[in-house]
Amino acid sequence: MMRSLYSGVSGLKTHQTKMDVIGNNIANVNTTAFKSSSITFSELMSQTTAAASGPNAATGTGGTNAKQIGLGVKSGAISVAITTQGSAQSTGNPFDIMITGDNFFVVNNGSSNFFTRDGSFYVDGAGNLAMTSTGYNVMGWQVDETTGEIKQESVSALRIMSAANMTYPPEATTKAYLSGILDQNDTDVTSDAGKSINLNFYDALGYSYTARLTVKESDNAGVYSVELTKLLDSEGNSIDISGIEAFGSNTTLSKGTIVLDGSYQWDGNTLKDADGNVVATVPIAPDAEGNYTEEQQTQLDAIAKAYGYAGSTAEFLSLGIDSDADGALTASDSYIADLLAAGNLNSVSGAAADGAEINVDGRKIDGINLNFNTATGAFSGLNGTTSTSAIINFSALGGEFEDIVVDFAEMSMYNNNGTSTVTATSGDKNGIGSGRMLGDMIGVTVQNNGMIYASYDNGMTKLLGQIATASFSNASGLAKEGDNLYSATMNSGEFDGIGIDVTANGGYMSTGVLEMSNVDLSTEFTNMITTQRGFQANSRIITVSDTLLEELTNLKR
């Protein structure tokens with residue numbers, strides 16, 4: 001009689017435990033990444049009142065089974081449905097991350113690693129990626145500063161908002177290219193001033209500059225000159241470029257004959273305008289550094305204008321005469337600037353007695369010649385060679401400037417209705433060597449493999465680290481530690497301190513979503529009903545047993 005009482009008590013206790021499990025599941029129906037639990041029962045033990053016996057051949061009797069009376073029930077196991085994926089809940093927060101698969105995030109409280117499916121993260125005041133609920137640091141792998149790749153070593157806190165990561169360092173431009181159509185009928189190209197092309201670039205400190213390249217025609221078909229004519233800083237101020245020879249120097253282009261405007265009078269030493277006013281008197285020689293006074297420059301401008309080079313005095317002064325008639329212009333030949341410094345313009349071979357007409361053989365430029373195939377319009381090389389690139393030696397300016405290699409291979413000479421479309425682009429065709437300014441971080445993204453990238457306002461991206469995950473051979477063996485955390489046990493398998501890439505076993509991460517609880521309310525309510533009935537039935541066992549005992553005690557009356 002007493003056995004039934006104790007069996008009923010054990011039934012009440014185990015069903016109460018099951019109700020506790022159900023209650024906890026329902027309480028956490030909206031807990032992020034919560035994993036529901038279930039309980040199984042096992043019989044407690046049995047009292048054997050008669051042991052089993054075997055058949056007796058001598059007497060011809062059969063065997064008998066053991067007589068055992070059960071003594072109740074106990075909780076067999078409480079299992080966690082830890083591998084059952086919860087539904088996704090969209091949050092729009094880029095630091096809310098959900099793992100699809102069986103892996104776990106690794107977090108650390110400063111001394112111990114824990115594991116969680118709760119991917120509700122934020123960036124704390126120190127720049128670390130951390131759990132929103134506990135502040136525990138999210139662990140991952142760092143970037144090798146040498147290679148820029150992830151080093152899958154022991155996990156450590158991911159400090160993605162460090163001072164070093166908030167900006168992207170500047171870089172000097174080292175490459176550029178010109179592309180587009182150069183139309184030989186473009187009035188800009190055929191003008192004395194030439195066609196201007198701007199190349200924007202950066203120095204090593206990230207300061208921006210504009211190099212103005214000028215393309216001019218020549219009397220040789222398919223040949224054009226390219227010179228660096230101006231360098232401007234970001235505020236439009238001119239920078240002195242007299243100390244550099246962009247693309248090289250002493251290259252020449254045929255220019256034919258220059259003729260004095262008939263309204264001017266020139267006797268070889270004095271130039272008068274149409275009104276008879278003296279506007280220039282030679283010799284006009286620069287100082288030791290090659291500079292002219294303001295008065296000298298005014299006279300030179302007047303002479304250049306008289307020969308049709310208004311606004312192009314520098315080009316006028318660079319015109320040369322092959323004085324030794326060897327078919328080439330060199331430093332030993334005569335140039336207009338040299339002739340003016342010497343005293344006149346009518347003392348050279350090919351000039352009229354009064355200097356009114358001068359046959360020039362070329363123009364000295366600080367630049368290069370572009371050569372095009374006149375039959376096909378394709379670019380054929382530089383300075384009569386097959387070379388396609390030349391160097392602007394900005395490093396000669398000192399400071400943080402670096403030389404820029406300019407490629408011209410993408411240019412062509414076609415009819416485009418008198419309009420040239422040539423543009424200059426920093427960097428090569430793959431964007432390498434384009435340079436950049438200092439960049440400020442404008443965003444952070446997490447890829448599906450856990451790699452964290454920062455984007456910057458200078459167009460660059462940077463790998464900041466990778467979120468590591470942990471995988472266990474028996475994830476159900478993990479111990480719950482509260483706060484959506486688990487710890488490793490002897491039956492779950494140990495964490496090796498390194499972790500694995502979430503994609504290694506087919507999983508992936510999704511940003512802007514969180515994993516919801518995997519509690520199924522319909523199942524829980526059904527289990528609640530059966531648990532209630534089981535509890536009621538066990539209570540009836542105690543009630544009936546008590547009634548029987550009462551009848552037994554009443555026998556003495």
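A word on ground rules first. Because this is a prediction, local features need pLDDT of at least 70 and side-chain atom pairs count only at pLDDT 80 or more, while totals for chains, interfaces and linings use all residues. Residues are numbered from 1 along each chain as its sequence is written, and side-chain values use heavy atoms, with hydrogens and water left out.

Okay, sheets. When I say helix or strand, I mean DSSP runs numbered from the N terminus: H or I of at least four residues for helices, E of at least two for strands. Two strands pair if DSSP finds at least two bridges between them.

There's an open sheet of 5 strands, running E15-E16-E17-E26-E27, with antiparallel pairing. Its edges are E15 (195–202) and E27 (379–382), each pairing on one side only. Neighbours in that sheet are turned by 30° on average, direction ignored; the axes there are lines fitted to C-alpha atoms, for helices over the stretch in contact, with angles from 0 to 180 degrees between N-to-C directions. Look at E26 (367–372): 3 bridges tie it to E27, and Asn371 sits opposite Gly381.

The other open sheet has 4 strands, E28-E29-E14-E30, and here the pairing is mixed. E28 and E30 (423–426) are the edges, and the twist averages 25° from one strand to the next. Inside it, E14 and E29 run parallel over 6 bridges, with Ala176 facing Val406 of E29.

By nonpolar core I mean buried Ala, Val, Leu, Ile, Met, Phe, Trp, Tyr and Cys joined through side-chain atoms within 4.5 Å. Buried is under 20% relative accessible area, exposed is over 50%, and partly exposed is in between, using a 1.4 Å probe and protein chains only. This core has 35 residues, and Phe394 is among those with the most contacts inside it, along with Leu178, Leu228, Phe247, Leu370 and Phe408. Skipping neighbours within four places in sequence, Phe394 is in contact (heavy atoms within 4.5 Å) with residues including Phe201, Leu228, Ile244 and Phe401.

Now the largest pocket. It's lined by 34 residues, and Glu227, Ser242, Ala314, Ser318 and Asp366 lie nearest its centre. A pocket here is an open set of points on a 1 Å grid over the protein atoms alone, where a 1.4 Å probe fits, with protein on both sides within 12 Å along at least five of seven lines; lining residues have an atom within 4 Å of a point. What gives the most to that lining? Helix H4 (313–317) does, with 4 residues.

Val282 and Pro283 are joined by a cis peptide bond, omega about 10°, and Pro283 is in the loop between E21 (278–281) and H3 (294–306).

Neither is a glycine, yet Asp483 has a positive phi of about 60° and Asn484 one of about 65°. Buried or exposed? Asp483 counts as exposed, at 53% relative accessibility, whereas Asn484 is partly exposed at 24%.
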